[in-house]
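Here is a walk through one protein model, taken a piece at a time. Keep the structure open beside the text and click along as we go.

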Amino acid sequence: MADPDVSTQSGGYDVELFVDPPDYDLICTICQGVLRCPVRSACHHIFCKKCILQWLKRQETCPCCRKPVNSSLIFVMFKLSKSIGRMKIKCKNQIRGCTETFPLSEQYCHSMGCLYELIPCPYQGCRAQLLRRDLETHARHCEHWRQPCHMGCGTILTHGTQAQHNCYKQLRQEYETRQRNHRAIAMALQRKMRRMQSTMAHMRRQIGLICESLEVMDDLHEVEEEVDLGESSSSSSSGTSSSNSNC
Ligand SMILES: [Zn+2]
Ligand SMILES: [Zn+2]
Ligand SMILES: [Zn+2]
Ligand SMILES: [Zn+2]
Ligand SMILES: [Zn+2]
């Protein structure tokens, strides 16, 4: 069924909302509104479903003819419900200026877009209630207005900061900060590299020195060996000569 907003307190739709005065047959005798979800009792009297169910809680007799009514023997009148849904109504916001008319069944759809519907300001923290058509004007001044920069820089803007917000500048500032960071990292890496290079040069020198000293030691060794050889040959010759002489 349609939006409960157009129903009267007790169930049916407000007669005043209908463009053409509804037929007497379509009025619920309990609530005096236009039948909402009409049901028929065994005695052929018709009421809003909600109205008769509430009535039967107090007394189980028909409010029209006083015959006994069994709540399990009431039937929903779908066809009648549909034809009531096709009846034209005025917008419930007509007192605020809406002049539109539409079938009762489209009431909910209309209220979702009605420019005269009273809605709360959508910005968090704002308590203002306003007509939908005034939302744009209100948003221009609402102190709770917040919106991310439409350039996509990620800055959340308020009316106070929006005027000074220079998206290009913002991006440039961020870019420059990032560049400064990158430069600092590059310099640190360079320093590290230089330190490693000097360590390596130092090590190379040390290795060179070690090699040199090894070579010197080799040379010395060779000289020693040569000296040894020379000594042994002379001693042997002297030995033989001495042995010879001994003989
Ligand atoms: Zn009713
Ligand atoms: Zn009856
Ligand atoms: Zn409207
Ligand atoms: Zn607001
Ligand atoms: Zn921006």
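Cys142 sits in the loop between helix 4 (135–141) and strand 8 (147–148). Helices here are DSSP runs of H or I with at least four residues, strands are E runs of at least two, and both are numbered from the N terminus. Cys142 counts as partly exposed because it has 19 C-beta neighbours inside 10 Å. The scale behind that word: 20 or more other C-beta atoms within 10 Å of a residue's own makes it buried, 12 or fewer makes it exposed, and anything in between is partly exposed, with C-beta atoms placed from the backbone. Leaving aside residues up to four places away in sequence, Cys142 touches Cys121, Tyr123 and Cys126. Touching, or being in contact, means that the two C-beta atoms, placed from the backbone, lie within 7 Å. Cys121 is 21 residues from Cys142 in sequence, and their C-alpha atoms are 8.7 Å apart in space.

A word on what you're looking at. This is a predicted model, in which local features need pLDDT of at least 70 and side-chain atom pairs count only at pLDDT 80 or more, while totals for chains, interfaces and linings use all residues. Residues are numbered from 1 along each chain as its sequence is written, and chains are lettered from A and ligands numbered from 1 in the order in which they are written.

How far does the predictor trust the model? pLDDT is its confidence in each residue, from 0 to 100. The mean pLDDT of the protein chain is 87, and 88% of the residues reach 70 or more. Over residues 1–8 the pLDDT is below 50, yet this stretch has 25 contacts in the model beyond near neighbours in sequence. At residues 235–247 the pLDDT also stays under 50, but there the model has zero contacts beyond four places in sequence. Among the elements, confidence is lowest in helix 6 (residues 167–246), with a mean of 80, and highest in strand 5 (residues 101–103), at 98.

Now the overall build. The protein chain has six helices and nine strands, and 13% of its 247 residues count as buried. Take the contacts between residues at least 6 apart in sequence: 32% of them join residues at least 24 apart.

Next, move to residues 28–66, where UniProt, in an unreviewed entry, places the feature "domain: RING-type". UniProt positions are given in the numbering used here, feature names are shortened, and annotations may be inferred rather than shown by experiment. The end C-alpha atoms of this span lie 16 Å apart, and the span is 26% helix and 15% strand.

Three strands form an open, antiparallel sheet in the order 2-1-3, where pairing takes at least two DSSP bridges between two strands. Strand 2 and strand 3 (75–76) are the edges, each pairing on one side only. Strand 1 and strand 2 are joined by three bridges, and Val39 stands opposite Phe47 in strand 2. His44 is in the loop between strand 1 and strand 2, and has a positive phi of about 70 degrees although it is not a glycine. His44 is exposed, since 10 other C-beta atoms lie within 10 Å. Arg66, in the loop between helix 1 and strand 3, also has a positive phi, of about 65 degrees.

Which residues of helix 1 (residues 49–58) are buried? They are Cys51, Ile52 and Trp55. These residues are on the same side of helix 1 because they cover an arc of only 90 degrees around the axis, the arc being that of the directions from the helix axis to the C-beta atoms. The buried residues of helix 1 pack against strand 1 (38–40) and strand 2 (46–48).

Beyond four places in sequence, Ile52 touches Ile30, Val39, Ser41, Phe47 and Ile74.

Definitions and conventions
pLDDT = per-residue confidence, 0-100.
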